[in-house]
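Thanks for coming. I will go through the pockets, the ligand and a few backbone details, in that order.

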Amino acid sequence: MNPPWQVAGTTRVAAVIGHPVRHSISPVIHNAAFRALDLDWVFTAFEVAPGRAAAAVEGARDLGLAGLSVTMPHKADVVRALDRLTSTAQALGAVNTVARNGAQELVGDNTDGAGFLDALRTDEGFDPAGKRCLVVGAGGAARAVVLALAGAGAAAIVIANRTPARAEEAAALAPGVARAGSPEDADGVDLVVNATPQGMAGDLSLPVRAAALGPGQLVVDLVYHPVLTPLVEAARERGAAATNGLGMLIHQAAHAFRLWTGEDPPLEVMSAAALADLALRN
Ligand code: NAP
């Protein structure tokens, strides 16, 4: 049993900045982890208007915030306010986590790809090395997934996007491994990833034809609300293994937690807190 939780003058503050951000599940996940480890930390959410992310990072620097998560639409904008980027954030041109290195330096990282790989390997027992993959979407999440899959040794990555030019840009992250294609390329691949908002609450559309899915494939829908997305449902009905984006969300948060606190993240606590919160939202 943890002692009662008190926020005091000594409490270290971490936060997510985004727009809109009040619905963010990050405070639930991180506060559950802080409490589980009895850390004198608290996590909140700051609504930051589009175009104001760099100013917000300067504010965070002056206020001594101990860690920042960055979400839409600020992941590219914060780059210019940081002192250093990890090689992953540099390649993606996007930051989802800011950590302090000493008192002065703010370092931008992108833990989405590492979180995605952890979810694949740890939760699904799927090693992308040598596998053929289809990624639908070419936005920030898709780009992180493409870079991570290539780094993990995927044999081939096809990127299908509504705007084909953006698929070409994403393919340039993994020369020789990734190429632009179409959802029709789902036939025969080992891994299908939905990195579009298709399937989010109320949207029943599928990013790929259900008939292209079947046994031997793993389908990962980065959408996690609803927990059972139309794609996950269709994939399971056709005999494919399928999971939603909650695993990636938890594992990318776990990477941030470790960067900020230096502690091992309590994954099960974080996952249970997220599931309980999503159940309330339903
Ligand atoms: P983003 O940068 O805005 O990219 C959105 C992508 O989806 C673009 O490729 C866009 O195509 C495509 N798209 C949007 N609406 C579409 C539609 N109606 N039909 C077909 N394609 C559509 O967003 P993001 O950050 O990459 O996020 C994408 C999804 O991943 C979201 O659902 C988000 O919630 C989820 N996500 C999950 C996690 C996690 O941890 N599980 C992390 C990050 C994101 P165009 O290029 O043609 O506009």
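Which residues lie nearest the centre of the second largest pocket, and how many residues line that pocket? The residues nearest its centre are A76, A94, G139, G140 and R143, and the lining has 16 residues. α5 and α6 (164-171) are the elements that give two or more residues to that lining. Helices here are DSSP runs of H or I with at least four residues, strands are runs of E with at least two, and both are numbered from the N terminus.

Before going on, the conventions. This is a predicted model, where local features need pLDDT of at least 70 and side-chain atom pairs count only at pLDDT 80 or more, while totals for chains, interfaces and linings use all residues. Residues are numbered from 1 along each chain as its sequence is written, and side-chain values use heavy atoms, with hydrogens and water left out.

On a 1 Å grid over the protein atoms alone, a pocket is an open set of points with protein on both sides within 12 Å along at least five of seven lines, and a cavity is a set of points where a 1.4 Å probe fits but cannot get out; lining residues have an atom within 4 Å of a point. For volumes, grid points are joined across faces, edges and corners, and the volume is the space filled by probe spheres set on the points.

On that basis the second largest pocket holds about 260 Å³ of space. Its lining divides into six nonpolar, five polar and five charged residues. The classes are simple: Ala, Val, Leu, Ile, Met, Phe, Trp, Tyr, Cys and Pro are nonpolar, Asp, Glu, Lys and Arg are charged, and the others, Gly among them, are polar.

Next, the largest pocket. About 1400 Å³ of space lies in it, and 45 residues line it, with T71, M72, A141, M200 and Y224 nearest its centre. By class, that lining has 21 nonpolar, 19 polar and five charged residues. At least two lining residues come from each of α1 (26-36), β3, α5, α8 and α9 (267-281). α8 gives the largest share, five residues.

What sits in the largest pocket? The ligand does, where sitting in a pocket requires more than half of the molecule's atoms to lie within 2 Å of its grid points. The ligand is surrounded by 21 residues, the closest being A138, A141, N161, T163 and R166; a residue counts as near if one of its heavy atoms lies within 4 Å. This shell has 11 nonpolar, eight polar and two charged residues. α5 (140-151) and α8 (246-261) each supply at least two of the shell residues.

A polar side-chain atom of N161 lies 2.6 Å from an oxygen atom of the ligand. A backbone N or O atom of G139 is 3.4 Å from an oxygen atom of the ligand. A polar backbone atom of L222 lies 3.1 Å from a nitrogen atom of the ligand. Taken alone the ligand exposes 930 Å², and the protein buries 77% of that; the areas come from the Shrake-Rupley method with a 1.4 Å probe.

The search of the whole structure finds one cavity of 30 Å³ or more, and the largest cavity has a volume of about 40 Å³. Its lining consists of A60, L65, A66, G67, L68, V98, A99, R100 and L106. β3 (67-70) and β5 (97-101) each supply at least two of the lining residues, and β5 gives the most, with three.

Last, the backbone. The peptide bond from H19 to P20 is cis, with omega near 0°, and P20 is in the loop between β1 (12-18) and α1. The peptide bond from H225 to P226 is also cis, with omega near 10°; P226 is in the loop between β11 (218-221) and α7 (230-237). D38, in the loop between α1 and β2 (41-47), has a positive phi of about 55° although it is not a glycine.

Technical notes:
A polar contact is a pair of N or O atoms within 3.5 Å; within protein, one must be able to donate a hydrogen and the other to accept it, and residues adjacent in sequence count only if both atoms are side-chain atoms.
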